[in-house]
Amino acid sequence: MLVQGVVALVTAAMTAVVPASPSRGGDLQKSLDGVAAIGALAEVRSGTQVWRGSSGVAELGTSRKVPADGRFRAGSITKTFVATVVLQLVAEGRIRLDDSVERWLPGVVPNGENIIVRQLLNHTSGLYDYKNTLPMPPKEEFYALQYRTWTASEQIERALAHPPVFDKPGSQYDYSNTNYLLVGEIIKKVTGRTYSDEIERRIIRPLGLHGTTMPRTSTRIPGPHPHGYVPKDGGQLDWTEMSPTLFGAGGDIISTTHDLNRFFSALLGGQLLPARLLQAMKTPGTETKAYGLGLSWHDTACHIRVYGNDGDALAYQAYSFSTADTRRQATVAVTPHFPTNPDDTVDTFLDKAFCS
């Protein structure tokens, strides 16, 4: 793997840091305090300077502070890890981006011979999103799912009971978690190991991401963490514990702000993929969408382009972005206070992190 032999360099680069200046730290803390949430935590890096902070409470009904080094469910940021594994397998010649789904999962997907791995990764397959088959809060049926264990195959089957959202694969962008459930199954077919095993073997352990775990069927978040909530009866229901199989390969990873910054620094810095595959990751599937192979990007208010991903894990929302040269990075995790959506206030924080 490419990561071997460079881990020491990456680790040194990520740990040789000095605190941010008091004035910058104060500005970042004020902006984090403005995020609309029960609690929030962040790590911002600029060159060798690092700032970590938190805001709000770790648990409703208490005055406990959110731990700045806390863990959280990172939702769809999982997709970037999964895509990285696939692209490493491409680099090793074990799979091709233009391989059909039928090649690896025969008989599973209707029209699978005309859908390729690349289209799963960049959400241009047209396959129906299994998430749309599930009840969501505040529907009462949702709350019975808290500890239910799902398999990828049954979620895929639920999705494929619906017709595609468009007819020609590759012609349009339509975000679908079903794509990554299928990618997870393809990884297992190619390697003989689960996507969780491969993420641990290829990324988590080599990079020393000590706060990052693949939960599999465990309902708990290990280590220090803020509690997360979902709306119920006009209030907030503790949803910290839940079955991560609801998300699977599309969004089950647990991580920290520090680890996500380290991961994106290694990825965008070229330590995990050859240059041609990192460029493929940055190439949009359609001209109208800023989403490549498990990687998204946007331009800040000061016109700095940042790459990364964001994730919604119901009770937690996470955002992790970096400049292309990895000189500046910001990761934020939020426990939302429903029905408030924190996206706009997080965007304000990210602009402060990248533009100041």
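Predicted model: local features only at pLDDT ≥ 70, side-chain atom pairs only at ≥ 80, totals over all residues.
Local features required pLDDT of at least 70 and side-chain atom pairs pLDDT 80 or more, whereas totals for chains, interfaces and linings use all residues. Residues are numbered from 1 along each chain as its sequence is written, and side-chain values use heavy atoms, without hydrogens and water.

Helices are DSSP runs of H or I with at least four residues, and strands are runs of E with at least two.

The whole structure holds 15 salt bridges, defined as a side-chain nitrogen of Lys or Arg within 4 Å of a carboxyl oxygen of Asp or Glu. In the pair of Arg202 and Glu198, the closest N and O atoms are 2.6 Å apart. Arg202 is buried at 1% relative accessible area, as is Glu198 at 0% (buried, under 20%; exposed, over 50%; partly exposed, in between; 1.4 Å probe, protein chains only). Salt bridges with shared partners join Glu92, Arg94, Arg193, Glu198, Arg201 and Arg202 into one network.

Asp310, Asp312, Asp343, Asp344 and Asp347 form a negative surface patch (residues with over 30% relative accessible area and no salt bridge, like charges joined within 9 Å). Helix 11 contributes three residues, the largest share.

Key: Patch = residues over 30% accessible without salt bridge, like charges linked within 9 Å, V, L, I, M, F, W, Y side chains within 5 Å. Areas by Shrake-Rupley, 256 points an atom, 1.4 Å probe, with all protein chains shown as cover. Lys, Arg positive; Asp, Glu negative; His and termini not counted. Charge placed at Lys NZ, Arg CZ, Asp CG, Glu CD.
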